[in-house]
Amino acid sequence: MNVIRGEKLDLTKYLQVDDEHAVVPASSWCDEVIHMFHQPDGSPMLPTLGWPKAPGHLFSFRPSEVTVWAGPNGSGKSMLTSQVALNLCEQGEKVCVGSLEMKPFKTMGRMSRQASGSSEPSVQYIRDLHAWTDGRLWLYDQVGNVRPEKMVAVIRYAREKFGIGHFFIDNLTKVVAGEDDYNAQKNFVNTLTEVAHDTGVHIHLVAHVRKSGDEYARLGKNDIKGTGAITDLADNVFMVQRNKKREAVELGKLTVKDNQEYDRVMAEPDCFLSLEKQRHGDWEGVFSFCFDRMSQQYVEVRGNNPRMYQLDEVGFDVDNF
């Protein structure tokens with residue numbers, strides 16, 4: 001595990017950004033446009049969510065973008081993005097997780113369960129996992145609020161120093177504390193888009209939604225708490241939502257009309273991951289998953305066993321960027 005300790009860093013130069021933009025002929029981008037439509041054989045594939053049911057032609061993580069992950073409290077946003085981070089590491093991406101509500105050892109404990117596919121990973125597997133993360137996974141060692149300008153500086157630092165390709169911020173309220181401070185929210189997300197465009201890093205921002213009067217209602221991007229600029233400025237927006245109706249029926253808290261309705265509800269998935277916006281893609285829709293409580297891993301089909309991540313390759317050399 002690699003740790004970025006913000007309090008001991010000199011981030012001065014990362015707080016200041018040179019603005020050097022030019023007006024150039026449109027023809028300058030001819031080759032890039034050709035590559036967009038006609039990728040040559042052997043060109044590197046973009047990283048995906050990491051589940052077979054979510055292939056790259058539906059959604060891929062493009063560089064220089066901002067993805068918002070939103071959902072109600074307790075919906076599994078942090079749990080699911082933790083597995084996404086592991087999946088990105090598995091695909092050879094360099095990832096930094098800034099979990100501002102959880103100590104780093106707790107974050108790695110959750111990832112150890114998810115990666116091992118069990119509730120109690122062995123000592124050897126934990127050691128192997130942490131060795132495997134070298135050159136793949138960094139943690140920002142900060143619990144509590146972070147000033148927006150410092151958060152941005154840490155992202156720039158992580159990109160320049162370690163070549164981080166994906167930076168997770170969990171969550172927005174720890175950077176912009178005021179729920180009604182719409183200008184601060186807008187300015188921060190706008191700055192994240194600038195940093196993404198300037199550096200090539202893909203920034204993942206976890207956000208909350210407004211409380212709904214109907215806990216069983218499906219939520220959309222307009223339910224995200226705060227200014228509408230959050231979704232306007234983001235490139236991609238995912239909504240993470242537990243199937244509360246199924247849970248209520250299973251626990252006997254909600255009665256259905258007959259056995260046929262009961263069977264239908266119980267056959268539904270545990271979690272809906274809805275892609276509500278994809279600025280540079282053609283597809284929007286819903287992925288569904290089931291949740292294995294022992295491993296805290298999301299699986300594609302009910303009854304599937306959680307998988308154990310294979311750690312055959314040793315960690316990368318962090319100085320090769």
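Q: What makes α3 roughly perpendicular to α4?
A: The axes of α3 and helix α4 (residues 123-133) come within 10 Å and cross at roughly 105 degrees. Angles of 65 to 115 degrees count as roughly perpendicular, those under 35 as roughly parallel, those over 145 as roughly antiparallel and the rest as oblique. That places α3 roughly perpendicular to α4. Axes are lines fitted to C-alpha atoms, for helices over the stretch in contact, and angles run from 0 to 180 degrees between N-to-C directions. Helices (H or I, at least four residues) and strands (E, at least two) are DSSP runs, numbered from the N terminus.

Q: Which residues of α3 and α4 meet?
A: Met108, Met111, Ser112, Ala115 and Ser116 in α3 meet Tyr125, Ile126, Leu129, His130 and Thr133 in α4. Contact means heavy atoms within 4.5 Å. By class, the residues of this contact are six nonpolar, four polar and no charged. Ala, Val, Leu, Ile, Met, Phe, Trp, Tyr, Cys and Pro count as nonpolar, Asp, Glu, Lys and Arg as charged, and the others, Gly among them, as polar.

Q: What kind of model is this, and which pLDDT values apply?
A: The model is predicted: local features need pLDDT of at least 70, side-chain atom pairs count only at pLDDT 80 or more, and totals for chains, interfaces and linings use all residues. Residues are numbered from 1 along each chain as its sequence is written, and side-chain values use heavy atoms, with hydrogens and water left out.

Q: Which residues bring α2 and α3 together?
A: From α2 come Ser78, Met79, Ser82, Gln83, Ala85 and Leu86; they meet Arg110, Met111, Gln114 and Ala115 in α3. The residues of this contact divide into five nonpolar, four polar and one charged.

Q: How do you know whether Gln114 is buried or exposed?
A: Gln114 lies in helix α3. Buried means under 20% relative accessible area, exposed over 50%, partly exposed in between (1.4 Å probe, protein chains only). Gln114 has 0% relative accessibility, so it counts as buried. Leaving out residues up to four places away in sequence, Gln114 touches Met79, Ser82, Gln83, Leu86, Ser295, Gln296, Gln297, Arg307 and Tyr309.

Q: What makes α5 and α6 roughly parallel or roughly perpendicular?
A: The axes of α5 and α6 come within 11 Å and cross at roughly 15 degrees. α5 and α6 are therefore roughly parallel to each other. Their crossing is right-handed. Pro148, Met151, Val152, Ile155, Arg156 and Arg159 of α5 make the contact with Phe188, Thr191, Leu192, Val195, Asp198 and Thr199 of α6. This contact has seven nonpolar, two polar and three charged residues.

Q: Why is Pro148 not simply called buried or exposed?
A: Pro148 has 26% relative accessibility, so it counts as partly exposed. Pro148 is found in helix α5. Apart from neighbours within four places in sequence, Pro148 is in contact with Val175, Val176 and Phe188. Pro148 and Leu192 are 44 residues apart in sequence but 9.6 Å apart in space, C-alpha to C-alpha.

Q: What makes a set of residues a nonpolar core?
A: A nonpolar core is a set of buried Ala, Val, Leu, Ile, Met, Phe, Trp, Tyr and Cys residues joined through side-chain atoms within 4.5 Å. The largest here has 40 residues, and those with the most contacts inside it are Met151, Phe167, Ile169 and Phe188. α5 gives the most to this core, with eight residues.

Definitions and conventions:
A crossing is left-handed if the near helix is turned anticlockwise from the far one by less than a right angle, and right-handed if clockwise.
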